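Subject: Structure handover

Hello,

Here is the structure you are taking over. Please look through it first; notes on what was found follow below.

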Amino acid sequence: MQFRLEHQDPESKARSGTIQTAHGEIQTPIFMPVGTVASVKAVHQRELAEDIKAQIILGNTYHLYLRPGTDILNRAGGLHQFMNWQKPILTDSGGYQVYSLANNRKITEEGVAFKSHIDGSRHFFSPEKSMEIQRHIGADIIMAFDECPPYPSTYQYARESMDMTHRWLQRCSEWLKENDPLYGFEQSLFPIVQGSTYKDLRIKSAETIAEFGADGNAIGGLSVGEPAEEMYAMSEIVCDVLPQDKARYLMGVGTPANILENIALGVDMFDCVMPTRNGRNGMIFTSEGIINIKNKKWEDDFGPLDPNGPTFVDSQYSKAYLRHLFAANEYLGRQIASVHNLGFYLWLTGEARKQIEAGTFASWKNIMVEKLQRRL
């Protein structure tokens, strides 16, 4: 994997670049749709590629390990072949999903013992096991196994968790050196910066990760309940330490406004379930603000979902029709909302890239953030 830094905004830390992987290029800043179990919910791969214009998607190690399992994925030739997606894929390490099973897991230096959310069966993830699973999945970018501390965390807990995450990173790296890729292309390991919301820990973790010299770096442990201002403060601190010539990925973020604010701080890559999850519940993100399509006010609005919307659903379906589908509990409504929201997120990061290249990102961002947070 290679990252080429191309433009820097003169009035912020926003930048644009290109990531080259075995499965194609990714132009940054970029939003990555989440394909939890080899599927971006309610969306066809053809729609992802041709309408939404996704350049890279995510798979979740924890979920893919449980279903369909690494044996099936290996026999299929990896996740790209299994789901027929020939563009880049990133997989998380399973650490966040295990973190979310707070009542059904036990963390030790060796790894994490947990119970499946599906059938209660017992499993164990170590750094080595996470790497083995991600080898079988075959993503272009794979994440180091980490512990995501809860918010709030005590300073001592956050420090001990961060130190263990750094030790686990070394174990991940050693396993990868000893085990060759399975599908004829290299995989790039991204370490993860931790440290909760403690400035000195974030700096120490970012320095440790920077010294590791990986192809790219991730920022974890944010968007877990902390105020947005703390998220931005930690992102800025970390981006100031991480190397300029490597891609920076902020995990699990966030709202459209969150994304623009973090682009301004120097982040390149984002993912979040919000566009599809919220879309399935009737929340529509648009260039003018947020729509709750279930509200009666849209009952006879025959205008497009978003006049600036880039996908076919924006020109083919009206707000009134989409509201009707939600009122009638028709699955098509959830599909339309998901395609629209994902298309909007990709449009937004694409527009941010254009503004960075033009040197006008900072002023554009300030206008857009205000619009994006309005309730229509």
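How many cavities of 30 Å³ or more does a search of the whole structure find? The search finds one. Please keep in mind throughout that this is a predicted model.

Cavity

The largest cavity has a volume of about 60 Å³. Its lining is made up of 11 residues. Those that lie nearest the centre of the cavity are Gly-95, Val-98, Ile-107, Val-112 and Glu-147. Two elements, α5 and β7 (105-107), each supply at least two residues of this lining. Helix α5 gives the most, with three residues. By class, seven of the lining residues are nonpolar, one is polar and three are charged.

Pocket

The largest pocket holds about 780 Å³ of space. In its lining there are 37 residues. Nearest the centre of the pocket lie Asn-60, Tyr-96, Gln-97, Asp-271 and Val-273. The elements that contribute two or more residues to the pocket lining are α2 (61-66), α5 (95-100) and α11 (274-280). Of these, α11 provides the largest share, with five residues. Sorted by class, the pocket lining contains 14 nonpolar, 17 polar and six charged residues.

Glu-6 is partly exposed, with a relative accessible area of 27%. Arg-353 is buried, and its relative accessible area is 9%.

Arg-353 also meets the side chain of Glu-357 in a salt bridge, at 3.3 Å from N to O. Where do these two residues stand along the helix? Glu-357 and Arg-353 are four residues apart in α14, so about one helical turn separates them. An α-helix has 3.6 residues a turn, so residues three or four places apart point the same way. Glu-357 is partly exposed, with a relative accessible area of 36%. These contacts belong to a network of salt bridges that links Arg-4, Glu-6, Arg-353 and Glu-357.

Another salt bridge is formed by the side chains of Asp-301 and Lys-319, at 3.8 Å from N to O. Asp-301 lies in the loop between β17 (289-292) and α12 (312-316), and Lys-319 lies in helix α13 (residues 319-327), so the pair ties together parts that are 18 residues apart in sequence. Is Lys-319 buried or exposed? Lys-319 is buried, with a relative accessible area of 10%. Asp-301 counts as partly exposed, at 23% relative accessibility.

Strand β10 (residues 141-143) and β11 run parallel and are joined by three bridges. Within this part of the sheet, Met-143 stands opposite Phe-190 in β11.

A covered helix

Which residues of α10 are buried? They are Pro-256, Ala-257, Asn-258, Ile-259, Leu-260, Asn-262 and Ile-263. Helix α10 (residues 256-263) is thus mostly covered, with seven of its eight residues buried.

Where to look

To find your way around the model, you could begin at the largest pocket, with Tyr-96 and Gln-97 among the residues nearest its centre. From there, turn to the largest cavity, where Gly-95 and Val-98 are among the residues nearest the centre.

Regards

Notes
Residues numbered from 1 in each chain as written. Predicted model: local features only at pLDDT ≥ 70, side-chain atom pairs only at ≥ 80, totals over all residues. Heavy atoms only, no water. 1 Å grid on protein atoms, 1.4 Å probe; cavity = no way out; pocket = protein on both sides within 12 Å on 5 of 7 lines; lining within 4 Å. Points joined across faces, edges and corners; volume = space filled by probe spheres on them. Nonpolar A, V, L, I, M, F, W, Y, C, P; charged D, E, K, R; others polar. Buried < 20%, exposed > 50% of the residue type's maximum accessible area, 1.4 Å probe, protein only. Salt bridge = Lys/Arg side-chain N within 4 Å of Asp/Glu carboxyl O. Pairing = 2+ DSSP bridges.
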